[in-house]
Amino acid sequence: MKVAIVHEWLVTRAGSEKVVEEILSLFPDADLFTLICALPPGQDGMIQGRKVTTSFLQNLWGAKTRHRAFMPLMPLAVEQFDVSAYDLIVSSSHAVAKGVITGPNQVHISYIHSPMRYAWDLQHTYLAESGLTHGPRSALARILLHYLRIWDMRTANGPDRMVANSAYIARRIAKVYRREAEVVFPPVDIEAMPFSASREDFYLAASRMTPYKRMALIASAFARMPDKKLVVIGDGPELPLVRRIAASAGNIEVLGYQSDSVLRDHMRRAKAFVFAAEEDFGIMPVEAQACGTPVIAFGRGGALETVVGPESDRPTGLFFDRQSEDAIVAAVKRFDAEAARFTPEACRANAERFSREAFRARFKAIVDEEMARAAASRPKSA
């Protein structure tokens, strides 16, 4: 069986790339197709010695460093991939990968990290964050997003089977594409997370510092609680804002970008991990729980599926219902009052549900089912 794996772009080793790595481990002889490949040294282990096919975008000036600016060309680019020689095509899609063109005798399974957020329900949020709410550039962006939605909807019929990374995304797929999707949680390297049964007296917030991650909001909330220490790890466009907030408070330490080892060391020691984003899944809350650390999270999106709330006998965290300073302050104070209920052992046990082994077993079962179904549906010779 010849297998092709299609992913939008490979420019960093983030959550979706870790999913691709696990899929490649299931199919070690698979060929990899990606619009742009620019992984930095040390993060390119998944492609060493493997055949990688890129698109015409690879050779355009600026595409490797500003790949999102080329989004209007990406539907055209992914349609140019010739995968006609493959029996199985697996697309890893959060933008256009599911639009790869396949034939009736091929099986196409698409792992959907999310429908295009900026083209659908988060369009207005992205326009506002990009400063594109008024003027000619705003009008052009809205026109392009309109045509992206048309293309995205048309290509939703291409995959034979859709797999969602959470029940939250399965609901978005049903809303946008009118298709059912099975849930296979993304793989988390549980074994690599150092477990600790003891906690220290500080809270941890760690993430890429983009507006929707709400890292500045967390910092502002802790600035109102001078008796509670917060450690912030991460880099991104909002880092200067977070540093300014921390400078006016004496209880916030901003470390900026740190290696995985430093991040994991803080995770295993923190009193709790604070997470204010509305994520599709959210790997970091799972990693924190794998370290034995409970989570204080915004109660929307994937966190509701990865964190066990205080109504359980073995809770691993609690939720706040609004992305506001007041809500975070109230949640932290509630956590302090109930901290004894959130045991490191319960956190680790819950995280085990999202292991790499669980991902591989479930995804392989879906592939086997779909290949068997396709073989049974093909007409037999006379």
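Reply: Strands (E, at least two residues) and helices (H or I, at least four) are DSSP runs, numbered from the N terminus. This is a predicted model, where local features need pLDDT of at least 70, side-chain atom pairs count only at pLDDT 80 or more, and totals for chains, interfaces and linings use all residues. Residues are numbered from 1 along each chain as its sequence is written, and side-chain values use heavy atoms, leaving out hydrogens and water.

Me: Ok. Which strands form the open sheet of 7, and in what order?

Reply: The order is β3-β2-β1-β4-β5-β6-β7, and the pairing is parallel. β3 and β7 are at the edges with a single partner strand each, so one side of each has no neighbour in the sheet.

Me: How many bridges join β1 to β2?

Reply: There are 6, and the two strands run parallel. A4, for example, has D31 in β2 as its bridge partner.

Me: Is β2 enclosed or open to the outside?

Reply: β2 is largely enclosed by the rest of the structure, because 7 of its 7 residues are buried. Buried means under 20% relative accessible area, exposed means over 50%, and partly exposed is in between (1.4 Å probe, protein chains only).

Me: What do β1, α1 and β2 make together?

Reply: They make a right-handed β-α-β unit. Right-handed here means that, with the strands pointing away from the viewer, the path from the first strand over the helix to the second runs clockwise. Helix α1 (residues 15–26) has 12 residues and reaches 17 Å from its first C-alpha to its last, close to the 16 Å expected. That expected span is 1.5 Å times one less than the number of residues.

Me: And what covers the buried residues of α1?

Reply: The cover includes β1 (3–10), β2 (31–37), β4 (88–93), β5 (107–112) and α13 (356–377). Among the buried residues of α1 are V19, V20, I23 and L24. When I talk about contact, I mean heavy atoms within 4.5 Å.

Me: What else does α13 touch in that sheet?

Reply: β5 and β6 (residues 161–164) pair in the parallel sense over 4 bridges, with R161 in β6 as the bridge partner of I109. α13 packs on the sheet, touching β4, β5, β6 and β7, and its direction makes about 150° with that of β5. α5 lies across β5, β6 and β7 at about 140° to β6. For those angles, axes are lines fitted to C-alpha atoms, for helices over the stretch in contact, and angles run from 0 to 180 degrees between N-to-C directions.

Me: Switching topic: which 6 strands form the open sheet with β10 in it?

Reply: The order is β10-β9-β8-β11-β12-β13, with parallel pairing. β10 (252–256) and β13 (317–320) are the edge strands, each pairing on one side only. Inside the sheet, 3 bridges join β11 (residues 272–275) to β12 (residues 295–298), and V274 has I296 as its partner in β12.

Me: What does α6 lie across?

Reply: α6 lies across β8, β9 (230–233), β10 and β11, running at about 165° to β9.

Me: Now the cores. Which residues have the most contacts inside the largest one?

Reply: Those are Y203, I218, F222, I252 and I296, in a nonpolar core of 34 residues. Such a core is a set of buried Ala, Val, Leu, Ile, Met, Phe, Trp, Tyr and Cys residues joined through side-chain atoms within 4.5 Å. Its largest share, 7 residues, comes from helix α6 (residues 215–223). Apart from this core lies another, of 31 residues, I36 and M74 among them.

How values were computed. Pairing = 2+ DSSP bridges.
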